[in-house]
Amino acid sequence: MKKTRKGFALLCGLLLSLGLMSCSESTEISLQEVHEQMKTAYGENYLPSMAYDSQVLETIYGIQPGWVEEFIAEGPAISVQVDTFIAIKATQGNAQQVKDALETYRTESIETNFNYPMNLPKIEQSQVVQIGDYVFYLMLGAYYEGHSAEGEAEFYQQQTQIGLDVLQQYE
């Protein structure tokens with residue numbers, strides 16, 4: 001009887017451990033798949049045209065190479081537009097540093113606005129999203145052709161929402 005109880009307790013402990021391990025494991029996200037889904041969702045309004053390397057991530061965005069396991073990053077080839085897509089799988093324990101660096105870049109872009117003034121409303125609606133060890137920076141979509149400031153902010157918010165909807169399936 002004692003052996004049965006010990007065996008049962010051991011089995012319960014093992015099952016509990018396995019359950020906790022599966023809960024703590026982060027979901028694997030294919031950055032290539034997310035990138036393709038973004039391009040499909042935005043269609044002809046997916047405007048980033050130049051791949052960024054790790055040096056650009058470090059120099060422009062403040063993301064240290066040791067924080068990054070894998071990434072896809074694209075931005076504008078010309079300075080007139082600002083469309084940017086960054087997807088990073090952070091090394092273990094560094095997702096918050098990546099997110100903080102992208103948030104700092106975003107805030108500085110809004111405050112200093114070194115870009116063309118017409119881009120500020122789009123920059124203001126950009127988003128940094130963290131899903132486990134993955135961090136995404138979205139500044140994507142069509143450009144506003146209307147004449148109302150309120151309509152412009154709403155338009156860019158809707159454009160950003162397209163990318164957020166893609167990422168929602170991974171949360």
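**Q125 and its surroundings**

Leaving out residues up to four places away in sequence, Q125 touches R106, A153, Y156, Q157 and T160, where contact means heavy atoms within 4.5 Å. The model is a predicted one, in which local features need pLDDT of at least 70 and side-chain atom pairs count only at pLDDT 80 or more, while totals for chains, interfaces and linings use all residues. Residues are numbered from 1 along each chain as its sequence is written, and side-chain values use heavy atoms, with hydrogens and water left out.

Q125 is placed in the loop between helix 5 (120–124) and strand 4 (127–131); helices (H or I, at least four residues) and strands (E, at least two) are DSSP runs numbered from the N terminus. With a relative accessibility of 18%, Q125 counts as buried. Here buried means under 20% relative accessible area, exposed over 50%, and partly exposed in between (1.4 Å probe, protein chains only).

Apart from neighbours within four places in sequence, Q159 has contacts with Y42, L140, G141 and A142.

Helix 2 has 12 residues (31–42) and should span 16 Å at 1.5 Å a residue, which agrees with the 16 Å between its end C-alpha atoms. The expected span is 1.5 Å times one less than the number of residues. G43, with a positive phi near 60°, follows helix 2.

A search of the whole structure gives seven aromatic pairs. Rings of Phe, Tyr and Trp (its six-membered ring) pair if their centres lie within 6.5 Å; planes under 30 degrees apart count as stacked, over 60 as edge-to-face, and the rest as tilted. Y105 and Y137 form an edge-to-face pair, 6.0 Å centre to centre with 80° between the planes. This pair links distant parts of the chain, since Y105 is in helix 4 (residues 95–112) and Y137 in strand 5, 32 residues apart. Y137 is buried, at 0% relative accessible area. Y144 and F155 form a tilted pair, 5.6 Å centre to centre with 50° between the planes. Because Y144 lies in the loop between strand 5 and helix 6 and F155 in helix 6, the pair ties together parts that are 11 residues apart in sequence. Y144 is partly exposed, at 23% relative accessible area. One aromatic cluster is formed by Y52, Y61, Y105 and Y137.

The charged end of K122 sits over the ring of Y143, 3.7 Å from its centre; this requires NZ of Lys or CZ of Arg within 6 Å of the ring centre and within 35 degrees of the ring normal.

As for the whole protein, there are six helices and five strands, in the order α-α-β-α-β-β-α-α-β-β-α along the sequence. Of the 171 residues, 37% are buried. Among contacts between residues at least 6 apart in sequence, 64% join residues at least 24 apart.
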